[in-house]
Amino acid sequence: MTNAGSFPPRTVVPIEHALLIADAFDQAQVTELRHSVAACAGAAGLRDERLDDFVLAVNELITNAVRHGGGRGWLRLWQEPGLVLCEVADHGPGISTQELGNRSRPAPDTAGGWGLWLARELTDAMDVETGSAGTTVRITSATVPAEQHVGRHRSGE
């Protein structure tokens, strides 16, 4: 009465990515959160300059959320095969289309305006959703060895 051996092969489909951090933050948590991101992104496979670049990009995004997004934000960090992704969201007034469309490097003597530019340059991809209800920025970096990667910010070297 058993059908041993007659079962169809099973397909395993991952239900969700590997969530590493999901946390709300304000100014008081920025340093601790940056350290947590560094530890988790390193454990997920980012190394050397790629890890440093990713952590700096995340730091710029969380700092922007605190400064321009209402004093606090939400961070999610997760891993997908070969990738580490981070999303930072806030409930600020949004980013103007002019500012968002400006991809030129800020002038060296400019005190502000470096955050999004750095995040875009230091990671493999950056997506921004913004409006009057807030902004969400997602960055992505591949976990390939540093010697195999030539990112946009290193292409001129």
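Analyst: Helix 2 has 21 residues and spans 30 Å from its first C-alpha to its last, close to the 30 Å expected at 1.5 Å a residue; the expected span is 1.5 Å times one less than the number of residues. Helices here are DSSP runs of H or I with at least four residues, strands are runs of E with at least two, and both are numbered from the N terminus. The model is predicted, so local features need pLDDT of at least 70 and side-chain atom pairs count only at pLDDT 80 or more, whereas totals for chains, interfaces and linings use all residues. Residues are numbered from 1 along each chain as its sequence is written, and side-chain values use heavy atoms, with hydrogens and water left out. Just after helix 2, Gly70 adopts a positive phi of about 95°.

The largest nonpolar core has 33 residues. Such a core is a set of buried Ala, Val, Leu, Ile, Met, Phe, Trp, Tyr and Cys residues joined through side-chain atoms within 4.5 Å, where buried means under 20% relative accessible area (1.4 Å probe, protein chains only). Phe54, Leu75 and Ile139 touch the most other members. Helix 2 (48-68) is among the elements that each supply at least two residues, as are strand 2 (72-80) and strand 5 (134-142). The largest share, nine residues, comes from helix 2.

Beyond its neighbours within four places in sequence, Leu75 is in contact with residues including Leu33, Val37, Val58, Ile62 and Val88; contact means heavy atoms within 4.5 Å.

Definitions and conventions: Buried means under 20% relative accessible area, exposed over 50%, partly exposed in between (1.4 Å probe, protein chains only).
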